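Please consult the sequence and the model alongside the text.

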Amino acid sequence: MKILAIESSCDETAAAVVEGRKILSSVINTQVEEHKKYGGVVPEIASRRHSENISAVVEKAITDAGITYGDIDAIAVTHAPGLIGALLVGVNYAKGLSLSLGVPLIPVHHLRSHIAANYLEHTDLKPPFLCLTVSGGNTVITYVRDYTDFEIIGQTNDDAAGECLDKAARIMGLAYPGGVNLDKTATVADEKKYPLPTPHTQNKYDFSFSGLKTAVVNLVHNASQKGEEIDVGALCATVRKKVCDILIDHTISAAKELQIEKIVLAGGVSANSELRSRLKAACDENGFSLYYPPLSLCGDNAAMVGAQGIYEYQSGNIADASLNATATLPINYRK
Ligand code: KG4
């Protein structure tokens, strides 16, 4: 079954053709350079660029796959969560195409597709497993009972880990996208020089990153008021270490308590070098197996939407022309 997948939830316009776990084509048009000027994504600009670019991106995905529109069996599209204006562009384009081609329309949850990026790389990977999904807008630990059956074990009560890394990077003067540049700039963590708070939540597997984000902002402001220079490399490393400590601690504790030995990492922040290496070491120490996506599939792309699309289709999650985009939707939603 050949699925044409479309993704436009944030600042990447992407289209791909996938067949099962095989990528036939994957096209990503990123707007990063444009949003860099503003230090973050400007929603209206994102929507307008999606509108301008989506036709060409889809056309290229079809051409690169060496197929024609007539070969497409279904269309999968990210419908939630994300920037509403950005999502609407992809959803409406997919609706029009599915109507004109007379093929099913499959709505795909953005975080489910981040998890599915792993299926493209690890072709033998099957649920059940425990998944830590960390992106710019979400941080959640889920028990993935089956491909479309998710139980939330812990989630952020406020900011996502990616938001904390991005804003910490911004206050230190690093360019957008902050998380990536913070990862590159980090040298050696010095927790004595830069003590950061450890967040507490009622549910021990939940997260809270807003206090940590504010602590970094205050630290940088106080230093600037006193005319002190910040050791940016050390502060980047300290923030990165703190975020990784929390993510890894919660994931390993949950896996131990729930007795799940298969762990999957997903989302944009899964590209973080320290998170990958330390989570791998922690899994090895506990006899757990760890799966993470290749760097090329960590960020937003449409191949992962197609990879999840097939399972949504098999579970009967098929939309009609009334499909709408939704800015927030829990990963465990039921149709
Ligand atoms: O999943 P994603 O591409 O978009 C969302 O769906 O949110 O994630 C983007 C997030 C941003 O916060 C970005 O800074 C972060 O992923 N990110 C990283 C790295 N690469 C991307 N954070 C830390 N280290 C990285 N290497």
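The sections below take up these topics in turn.

## Basis of the report

The model is predicted: local features need pLDDT of at least 70 and side-chain atom pairs count only at pLDDT 80 or more, whereas totals for chains, interfaces and linings use all residues. Residues are numbered from 1 along each chain as its sequence is written, and side-chain values use heavy atoms, with hydrogens and water left out.

## Nonpolar cores

A nonpolar core is taken here as a set of buried Ala, Val, Leu, Ile, Met, Phe, Trp, Tyr and Cys residues joined through side-chain atoms within 4.5 Å. Buried denotes under 20% relative accessible area, exposed over 50%, and partly exposed in between (1.4 Å probe, protein chains only). The largest such core has 49 residues, of which Met172, Phe209, Leu235, Val239, Val243 and Leu247 touch the most other members. At least two residues of this core come from each of strand E6 (129-134), helix H5 (161-171), helix H7 (210-225), helix H8 (232-258), strand E9 (262-266) and helix H9 (273-286). Helix H8 supplies the largest share, 13 residues. Helices (H or I, at least four residues) and strands (E, at least two) are DSSP runs, numbered from the N terminus.

Val239 illustrates the packing: leaving aside neighbours within four places in sequence, Val239 is in contact (heavy atoms within 4.5 Å) with Leu165, Ala168, Met172, Leu196 and Val216.

Strand E6 is largely enclosed by the rest of the structure, because six of its six residues are buried. Both faces are covered: Phe129, Cys131 and Thr133 lie on one side, and Leu130, Leu132 and Val134 on the other.

Two strands are said to pair if DSSP finds at least two bridges between them. E6 and strand E7 (residues 139-146) run antiparallel and are joined by six bridges; a hairpin connects them through four residues. Within this pairing, Thr133 stands opposite Val140 of E7. E6 and E9 run parallel, with four bridges between them, and Leu132 has Leu265 of E9 as its bridge partner.

## Cysteines

With a disulfide defined as a pair of cysteine sulfur atoms within 2.5 Å, the structure holds zero disulfides. For Cys131, the nearest cysteine sulfur is that of Cys283, 12 Å away. Cys131 is buried, at a relative accessible area of 0%. The sulfur of Cys244 is 11 Å from the closest cysteine sulfur, in Cys164, which is too far for a bond. Cys244 is also buried, with 3% relative accessibility.

## Backbone geometry

Most residues other than glycine have a negative phi, and most peptide bonds are trans. Against this background, the peptide bond from Ala80 to Pro81 is cis, with omega near -20°. Pro81 is located in the loop between strand E4 (74-80) and helix H3 (84-101). The bond from Tyr176 to Pro177 is likewise cis, with omega near 0°, and Pro177 lies in the loop between H5 and helix H6 (178-185).

Gln259 has a positive phi, near 55°, although it is not glycine. This residue is in the loop between H8 and E9 and is exposed, with a relative accessible area of 69%.

## Salt bridges

A salt bridge is counted where a side-chain nitrogen of Lys or Arg is within 4 Å of a carboxyl oxygen of Asp or Glu. By this rule there are 22 salt bridges. One of them joins Arg145 and Asp149, at 3.3 Å from N to O. Arg145 is partly exposed, at 38% relative accessible area, whereas Asp149 counts as buried at 19%.

Lys213 and Glu163 meet at 2.9 Å, N to O. This pair links distant parts of the chain, with Lys213 in helix H7 and Glu163 in helix H5, 50 residues apart. Lys213 is buried at 18% relative accessible area, and Glu163 is buried at 18%. Glu274 forms a salt bridge with Arg240, their closest N and O atoms being 3.0 Å apart. Here too distant parts of the chain are linked: Glu274 is in helix H9 and Arg240 in helix H8, 34 residues apart. Both Glu274 and Arg240 are buried. Through shared partners, salt bridges join Asp183, Glu191, Arg240, Lys241, Asp245, Glu274 and Arg278 into one network.
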